Amino acid sequence: MARRLAPSINSGSMADIAFLLLIFFLISTTIETDQGISRKLPPLIDDPATADIKEKNLFKVELNQLNQLLVEDHLIKISDLKKAAIAFLDNGGGSGDLYCDYCKGERNLKSSDHPDKAVISLSKSRKTNYAFYIAVQNELVAAYSDLRNREAKRLYGISYIAMKENLKNEQDGNDKRILIARINRVRSMYPERLSEAVTKSRD
């Protein structure tokens, strides 16, 4: 009796089917991605590691491993940080070429001479909570924003934030140039000098 041969399966199209299935899963599958916080980094200070800065023009903010906030080596609450930063930036303690005619601070001779000279140094421990670190950054950036808003309203009757929003929607070329010039003027009055590196200071 003759042996029956098992019928063979035509596998010629198996590669095509596998390829089509791969394309299907690639198109239909949602890939999880890590989400971050969208924020603009502060402008780079020229060689902050070796910058020669007067001690009184340096505002030291430190976050330790216990998630405690220290300003000038004193523990403070995060809710008080913006006010302390504004007092430092707006002090206007300089004279002569460093005199600030628009500053409204106490003009303490032991604090910053001029907003252009004032540097905020932010340092943290490797064990600092990331959310706390971002919250501290937000308070420092808010200090700059408040001062810029104040001067923009005084000079142009509109806040600095509103001017930036108007710039996005402005179509007229001449008006846009005027708006950019005004924004740059306000920004130069309180330049954001926020250092997140080790800063050398002197007395």
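Which residues in H4 meet which residues in H5? Let's start there, and keep in mind as we go that this is a predicted model.

On the H4 side we have Tyr160, Met163, Lys164, Asn166 and Leu167, and they meet Lys176, Leu179, Ile180, Arg182, Ile183, Val186 and Arg187 in H5. If you sort that contact by class, you get seven nonpolar, one polar and four charged residues.

Okay, geometry. A pair of packed helices gets described by two things, the angle between the axes and the distance between them. H4 is residues 160-169 and H5 is residues 173-189, and their axes come within 10 Å and cross at roughly 150°. Over 145 degrees counts as roughly antiparallel, so that's what we call H4 relative to H5. As for the hand, H4 passes H5 in a left-handed crossing.

Now let's step back to the other partner of H4, which is H3. Here the axes come within 7 Å, and the crossing is roughly 75°. From H3, the residues making the contact are Arg148, Asn149, Ala152 and Tyr156, and from H4 they're Tyr160, Ile161 and Met163. By class that's five nonpolar, one polar and one charged. Tyr160 and Met163, then, turn up in the contact with H3 and also in the one with H5.

Next, a couple of loop residues I'd like you to click on.

Take tyrosine 102. You'll find it in the loop between helix H2, which is 81-89, and strand S5. Is tyrosine 102 buried or exposed? Its relative accessibility is 13%, so tyrosine 102 counts as buried, the cut-off being under 20%. Leaving out anything up to four places away in sequence, tyrosine 102 touches His114, Pro115, Arg150, Glu151, Arg154, Met189 and Tyr190. Look at glutamate 151 in that list: tyrosine 102 and glutamate 151 are 49 residues apart in sequence, but C-alpha to C-alpha they're 8.2 Å apart in space.

The other one is serine 125, in the loop that runs between strand S5, 119-124, and helix H3, 130-156.

Note on methods: Residues numbered from 1 in each chain as written. Predicted model: local features only at pLDDT ≥ 70, side-chain atom pairs only at ≥ 80, totals over all residues. Heavy atoms only, no water. Helix = DSSP H or I, 4+ residues; strand = E, 2+ residues; numbered from the N terminus. Axes fitted to C-alpha atoms, helices over the stretch in contact; angles between N-to-C directions. Contact = heavy atoms within 4.5 Å. Nonpolar A, V, L, I, M, F, W, Y, C, P; charged D, E, K, R; others polar. Parallel < 35°, antiparallel > 145°, perpendicular 65-115°, else oblique. Left-handed = near helix turned anticlockwise from the far one by under 90°. Buried < 20%, exposed > 50% of the residue type's maximum accessible area, 1.4 Å probe, protein only.
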